[in-house]
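I open these entries to record, for a reader new to the structure, what I looked up and in which order.

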Amino acid sequence: MMFDQLKFTKRAYFPTLIFQIDLPNPEAFNAELLSTIYAQRDRDQRGIERSNITALGGWHSNTDLHKMPEFDQITRLVLAAGERVSADQGFDEKYKIKIGTMWSIINPPGSANRAHIHPGCLLSGVYYIQAPAGAGCIEFIDPRTAHLMNQPKYQSASKRAKETWSKVKLDPTPGRLIIFPSWLYHAVDTNSSVEVGDKAHRVIISFNLNQVKA
Ligand SMILES: [Fe+2]
């Protein structure tokens, strides 16, 4: 019997799903959102203290931007994205996707975020408004305990299949929205932009979603 000729089946039962939505021609949308965020920063100087990178001049808004009328457009985009995920995943239609918290972060050069998760939430995500070259990728880390165990030796990094990766980095493309399970560890690389002034800032909207009975 030729054992190397047998039918071979591969099943992926526990994949980690990261969803992406791209806004077409996001320039005007982002420019308006950016000025709304800077206006909010100018009103809310306490946001500098909320930042974990105070020394560098980072700013962290309050976490209820979804309740403010000036953030209505991005709120609608986030909810629409959450509903797309809900439909794709076959979530119960008797439940609506609701924003629990939504905030903005301005990260100047030198700032980064250590790996973390968002406890008490279903889905989390980010929308990129401004990300100059070198602004820092988001990195997702394999949530399975497999990465603590013996690792296979691969022929080469380029031959290694995506499904075997233990981490993945995604570029912060302006106009792109990413949603992922809140339990998925993620970190943000250091912003190493060489732009001058506000143009060097990495500016994002971040959010947490939950399912709420409609
Ligand atoms: Fe996060």
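**Entry 1. Overall make-up**

I began by counting elements in this predicted model. The chain contains three helices and ten strands. Read from the N terminus, the order of elements is β-α-α-β-α-β-β-β-β-β-β-β-β. I then noted the extent of the chain: its C-alpha atoms fill a box of roughly 75 × 45 × 30 Å along the principal axes. Of the 214 residues, 26% are buried. Among contacts with a separation of 6 or more, 88% are between residues 24 or more positions apart.

I next traced how the strands are arranged.

- S1 is joined to strand S8 (residues 176-181) by four bridges, and the two run antiparallel. Phe19 has Ile179 of S8 as its bridge partner, and Asp22 has Arg176.
- S8 is also joined to S5, by five antiparallel bridges. Here Gly125 stands opposite Ile179.
- S5 and S10 pair over seven bridges, in the antiparallel sense. The bridge partner of Ser124 is Asn208 in S10.
- S10 is joined to S3 by twelve bridges, again antiparallel. Asn107 is partnered by Arg202 of S10.

**Entry 2. Helix H3 in detail**

I checked the length of H3 against expectation. Its 18 residues should span 26 Å at 1.5 Å a residue, and the end C-alpha atoms are 26 Å apart, which agrees.

I then asked which residues of H3 are buried. They are Ile74, Val78, Ala81, Gly82 and Val85. Viewed down the helix axis, the buried residues of H3 fall within an arc of 95 degrees, so they line one face of the helix. Their cover includes S1, H1, S3, S5, S8 and S10. On the other side of H3, the exposed residues are Asp72, Gln73, Arg76, Ala80 and Ala87. After H3 comes Gly90, with a positive phi near 70 degrees.

**Entry 3. The nonpolar core**

I looked up the largest nonpolar core and found 33 residues in it. Tyr127, Ile129, Ile179, Ile204 and Ile205 have the most contacts inside this core. At least two of the core residues come from each of H1, H3, S3, S5, strand S6 (138-141), S8 and S10. As a general point, nonpolar side chains of soluble globular proteins tend to be buried together.

I took Ile205 as an example. Leaving aside residues up to four places away in sequence, Ile205 touches Ile74, Met102, Ser104, Tyr127 and Ile129. One of these, Ile74, is among the buried residues of H3.

**Entry 4. The four-stranded sheet**

I turned to the other strands. A four-stranded open sheet has the order S4-S9-S6-S7, and its pairing is antiparallel. Strand S4 (113-116) and strand S7 (167-170) are the edge strands, each pairing on one side only. On average, neighbouring strands of this sheet are turned by 15 degrees against each other, direction ignored. Two bridges join S4 to strand S9 (residues 186-188), and these strands run antiparallel. Asn113 stands opposite Val188 in S9.

**Entry 5. A loop residue with positive phi**

Last, I looked at Asn25, which sits in the loop between S1 and H1. Is Asn25 buried or exposed? It counts as exposed because it has 8 C-beta neighbours inside 10 Å, the cut-off for exposed being 12 or fewer. Its phi is near 45 degrees, a positive value in a residue other than glycine. For comparison, I noted that most residues other than glycine have a negative phi.

Key: Residues are numbered from 1 along each chain as its sequence is written. This is a predicted model: local features need pLDDT of at least 70, side-chain atom pairs count only at pLDDT 80 or more; totals for chains, interfaces and linings use all residues. Two strands pair if DSSP finds at least two bridges between them. A nonpolar core is a set of buried Ala, Val, Leu, Ile, Met, Phe, Trp, Tyr and Cys residues joined through C-beta atoms within 7 Å. A residue is buried if 20 or more other C-beta atoms lie within 10 Å of its own, exposed if 12 or fewer, and partly exposed in between; C-beta atoms are placed from the backbone. Two residues are in contact if their C-beta atoms, placed from the backbone, lie within 7 Å. Axes are lines fitted to C-alpha atoms, for helices over the stretch in contact, and angles run from 0 to 180 degrees between N-to-C directions. The expected span of a helix is 1.5 Å times one less than its number of residues. The arc is that of the directions from the helix axis to the C-beta atoms.
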